[in-house]
Amino acid sequence: LIRGSLLLLGRDERVLLLTLHHIVCDGWSIDVLVREVVNLYEAFGHGLPSPLPELLYQYADYAQWQRDALQTEVLDEEMAAWRRLLGDAPPVLELPTDRPRPPQRAFRGAIAPFALSAPVVDALRRLGQAEGATFFMTLLTGFASVLGHCAGQDDLVIGAPVAGRTRPEIEGLIGFFVNLLPLRIDLSGEPSYRELLTRVRDLALAAFDHQGVPFEKLVETFSSHRDPSRAPLHQAALSMQELAMQSIELGEGIAAHPWEIDLGVSRLDLTLFVWPDGDGLGGACEYDTDLFAGATVTRLLD
């Protein structure tokens with residue numbers, strides 16, 4: 001579940017490599033983990049005991065809360081809401097590909113970076129605020145517009161990870177809390193961008209209200225005919241990271257920096273990741289290299 005290695009690159013340089021199974025850790029957890037390691041490093045470096053308080057709750061408590069919250073009657077109501085949200089949604093996003101889709105996914109992938117400048121991000125935020133929409137909803141509207149245009153579809157589903165930490169007691173825990181929400185977006189009728197943003201806002205709010213249903217339950221209900229060449233329910237996703245990994249000063253001239261690693265995998269056809277980068281926005285598109293050439297993804301990002 002977790003493996004740690006310390007790489008000694010020189011007298012004054014080390015790399016701490018932590019490999020964690022996703023079942024015990026999510027993106028939010030990594031931020032908690034890094035913060036706690038820094039606190040421990042500073043305390044132990046000065047001969048002090050651990051400054052971390054005892055945890056009032058453990059992951060097992062969260063698991064029990066989730067189980068209690070999804071008893072039969074409540075789960076039936078939640079699934080009825082998802083039937084209204086997903087209904088007869090199209091099972092696939094038919095994006096044009098550079099290569100024929102293989103009969104079974106191999107999960108080979110690559111990363112294409114991009115960035116949005118501060119003036120563009122500021123304008124997008126103002127637009128969203130004027131329509132009562134969050135920045136995520138504003139970005140999702142643009143992403144859906146591009147994908148719908150490329151696929152020639154006016155009805156599509158885009159996945160969105162949510163942190164799943166709906167109780168303050170679990171904000172400081174390390175574990176797997178994230179859930180995936182399949183968001184069905186209606187592009188019909190040639191709506192203006194503002195009109196589409198209103199649709200996306202209303203859809204997202206309704207989906208967030210029912211975010212407690214595990215994604216695997218939605219797959220079980222709405223994806224009865226599985227296709228090994230495609231991910232179930234959605235083949236594209238937008239993941240907005242609220243926190244970007246930052247460099248850290250540990251005192252006494254010691255600094256720690258994140259080290260990005262390209263794993264060469266893609267879990268979906270396309271996944272768009274965005275995160276804060278100063279006053280602008282950093283991002284990357286993870287894409288399936290069995291389907292797309294790098295130049296195609298770069299044009300899509302443009």
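Author: Contact here means heavy atoms within 4.5 Å. The model we are looking at is a predicted one.

Reader: Thanks! Let us begin with helices H4 and H5: which residues of H5 does H4 meet?
Author: The axes of H4 and H5 come within 9 Å, and on the H4 side the residues are Val121, Leu124, Arg125 and Gly128. Their partners in H5 are Phe135, Thr138 and Leu139.

Reader: How are H4 and H5 oriented, roughly parallel or roughly perpendicular?
Author: Their axes cross at roughly 105°. Angles of 65 to 115 degrees count as roughly perpendicular. That angle therefore makes the arrangement of H4 to H5 roughly perpendicular.

Reader: By class, how many charged residues are in the contact of H4 with H5?
Author: Four of the residues in the contact of H4 with H5 are nonpolar and two are polar. Arg125 is among the H4 residues there, and Arg belongs to the charged class. The number of charged residues is one.

Reader: H4 also comes up against H6; what is the handedness of that crossing?
Author: The axes of helix H4 (residues 118-130) and H6 come within 10 Å and cross at roughly 65°. H4 is therefore roughly perpendicular to H6. The crossing of H4 and H6 is right-handed.

Reader: Which residues of H6 are met by H4?
Author: By class, the contact of H4 with H6 has four nonpolar, one polar and one charged residues. H4 brings Leu127, Gly128 and Ala130. From H6 come Tyr193, Arg194 and Leu197.

Reader: Now for H3 and H6: is H3 roughly parallel or roughly antiparallel to H6?
Author: Helix H3 (residues 72-86) and helix H6 (residues 193-209) have axes that come within 10 Å and cross at roughly 160°. An angle over 145 degrees counts as roughly antiparallel. H3 is therefore, relative to H6, roughly antiparallel.

Reader: And which H3 residues make the contact with H6?
Author: H3 passes H6 in a left-handed crossing. H6 contributes Leu203, Ala206, Ala207 and Asp209, and the whole contact has five nonpolar, no polar and two charged residues. On the H3 side the residues are Glu78, Trp82 and Leu85.

Reader: Which residues does leucine 140 touch, not counting residues up to four places away in sequence?
Author: With its sequence neighbours left out, its contacts are Ile158, Leu183, Ile185, Val200 and Leu238.

Reader: What about threonine 141, is it buried or exposed?
Author: Threonine 141 sits in helix H5. Beyond four places in sequence, threonine 141 is in contact with Tyr193, Leu196, Leu197 and Val200. Its relative accessibility is 0%, and the cut-off is under 20%, so threonine 141 is buried.

Reader: In the loop between H7 and E6, what is the relative accessible area of histidine 225?
Author: Serine 223 lies in that loop and is buried, with a relative accessible area of 14%. Serine 223 touches Leu218, Pro232 and Leu233, leaving aside residues up to four places away in sequence. Histidine 225 has its place in the loop too, but it is exposed, with a relative accessible area of 75%.

Reader: How far apart in space are histidine 225 and phenylalanine 135, C-alpha to C-alpha?
Author: Phenylalanine 135 is one of the H5 residues that meet H4. Along the sequence, histidine 225 and phenylalanine 135 are 90 residues apart. In space, their C-alpha separation is 35 Å.

Reader: Finally, what is the phi of glutamate 190, a residue that is not a glycine?
Author: Glutamate 190 is in the loop between strand E5 (179-186) and H6. At 79% relative accessibility, glutamate 190 counts as exposed. Its phi is positive, at about 50°.

Definitions and conventions. Residues numbered from 1 in each chain as written. Predicted model: local features only at pLDDT ≥ 70, side-chain atom pairs only at ≥ 80, totals over all residues. Heavy atoms only, no water. Axes fitted to C-alpha atoms, helices over the stretch in contact; angles between N-to-C directions. Helix = DSSP H or I, 4+ residues; strand = E, 2+ residues; numbered from the N terminus. Parallel < 35°, antiparallel > 145°, perpendicular 65-115°, else oblique. Left-handed = near helix turned anticlockwise from the far one by under 90°. Buried < 20%, exposed > 50% of the residue type's maximum accessible area, 1.4 Å probe, protein only.
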